[in-house]
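Visitor: Could you take me through this structure? I would like to start with the sheet and then turn to the helices.

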Amino acid sequence: MSFASHPSKARPLSLSRLIFLLLASLLLLASSSVVGAQSIGAHRGDAAGTGGTRSIQGRLISPTGKLPQSRIRITLEHQDAGTRITFADDDGVFSFNGLAGGNYSLNVEGGKEFESVRESIYIEGAKPIYHVPIYLRLKPEANPAFAGVPKPAVELYDKGLEAARKGDMGKAVEHLNAALALHPKFAPALGELGVLYVRTGQLDKAVESFRSALKLMPDDAPTRLNYAIALLEKKEIAEAESQLRQSLKRNDSLAPAHMYLGVALMRSSKLDEAERELQRAVALGGDQMAQAHYYLGGIYWGRKDYKRAADELETYLKLKPKAPNAEQVRATIKDLRSKK
């Protein structure tokens, strides 16, 4: 669902339009596993700074629930300040302190088991701490779901992901279906195909792909989460809620699952419970849960708690200043601030 915009003047969003959002951003989760968040331990990897006042506090989240025995190396690059290095502790926690404002590049070296990850972080304003969860993804050779898959099928799978990254959804679907023709029980290909079907509006096919993938890998959190999102899009709210609760029963640390459970509960008018889930998503996911603030704004607006609603929407815009609906949200905030 998208928000309509006026060509010359931004108008406040209605409450009904504030309830649901585009699903594209979190549908990318099938390509970056979210299973197995680690608890925060006492001995954090830490890299001291050079005079700034801001910090990055990160946490590595493994799809297997376990991190390698050898600690993962993380580098932080800045055009003027150079490169700094730290290592994640046994719980996957790391930090960089004493940072000045500016653009940073965070690089996580995945080693033998995981793909390397590169994140861009922009530090600005007076915010003291930037929370950055990093979702690790297993390399195919370390992923049990790839065991027994013929090499030609894996090659077609890789071509499908590359086509999707380039925006050629038709070619991506073609490659993934070709991979499945060679190996029908190729669970990761089924999961990725489901994501592509959602992006292209083929929800029935998406649900079918996700269900087939989950039969083969029932403990795969990204696939179950994406399945729940597809169900939400189809307005099958009760089943979506059930799938999200199953994900959280296996691992309560999954911020996106808490956020989408909050959305499902909002759709069922269970606003008190939805508020708790959205707040939990913010606590776990930090700055990556901008949309949770957006939904919280809707809940508080419905309660006529206008100040709190405006505060949440302002936080949303601080985290997503270039959001497609930014102008409408700013107009909404102005309207809320004028109410008593």
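Predicted model: local features only at pLDDT ≥ 70, side-chain atom pairs only at ≥ 80, totals over all residues.

Visitor: What is the order of the strands in the open sheet?
Guide: The order is β4-β3-β6-β7, and the pairing is antiparallel. Strands here are DSSP runs of E with at least two residues, helices are runs of H or I with at least four, and both are numbered from the N terminus. Two strands pair if DSSP finds at least two bridges between them.

Visitor: Which strands are at the edges?
Guide: They are β4 (82–87) and β7 (117–123), each of which pairs on one side only. On average, neighbouring strands of this sheet are turned by 20° against each other, direction ignored. Such angles run from 0 to 180 degrees between N-to-C directions, and axes are lines fitted to C-alpha atoms, for helices over the stretch in contact.

Visitor: And how many bridges join β3 to β4?
Guide: Six bridges join these antiparallel strands, and a hairpin of three residues connects β3 to β4. Strand β3 (residues 73–78) is also joined to β6 (residues 102–108) by four bridges, again running antiparallel.

Visitor: What are the bridge partners of L76?
Guide: L76 has R84 as its partner in β4 and L106 as its partner in β6.

Visitor: Changing topic, how many salt bridges are there?
Guide: The structure holds 19 salt bridges. The term means a side-chain nitrogen of Lys or Arg within 4 Å of a carboxyl oxygen of Asp or Glu. One of them is formed by E109 with R73, whose closest N and O atoms are 3.2 Å apart. This pair links distant parts of the chain, since E109 lies in the loop between β6 and β7 and R73 lies in strand β3, 36 residues apart.

Visitor: Now the helices. How do α11 and α12 cross?
Guide: The axes of α11 (residues 306–319) and α12 (residues 326–337) come within 9 Å and cross at roughly 155°. The two helices are therefore roughly antiparallel; angles over 145 degrees count as roughly antiparallel, under 35 as roughly parallel, 65 to 115 as roughly perpendicular and the rest as oblique.

Visitor: What about α9 and α10, at what angle do they pack?
Guide: Helix α9 (residues 271–285) and helix α10 (residues 290–302) pack at about 155°, with their axes 9 Å apart. That angle makes α9 roughly antiparallel to α10.

Visitor: And α6 with α8, parallel or antiparallel?
Guide: The axes of α6 (residues 221–233) and α8 (residues 255–267) come within 11 Å and cross at roughly 20°, which makes α6 roughly parallel to α8. The contact, meaning heavy atoms within 4.5 Å, is made by L225, I229 and L232 of α6 and P256, A257, Y260, V263 and A264 of α8.

Visitor: How many of those are nonpolar, polar or charged?
Guide: Eight are nonpolar, with no polar and no charged residues. Ala, Val, Leu, Ile, Met, Phe, Trp, Tyr, Cys and Pro count as nonpolar, Asp, Glu, Lys and Arg as charged, and the others, Gly among them, as polar.

Definitions and conventions
Residues numbered from 1 in each chain as written. Heavy atoms only, no water.
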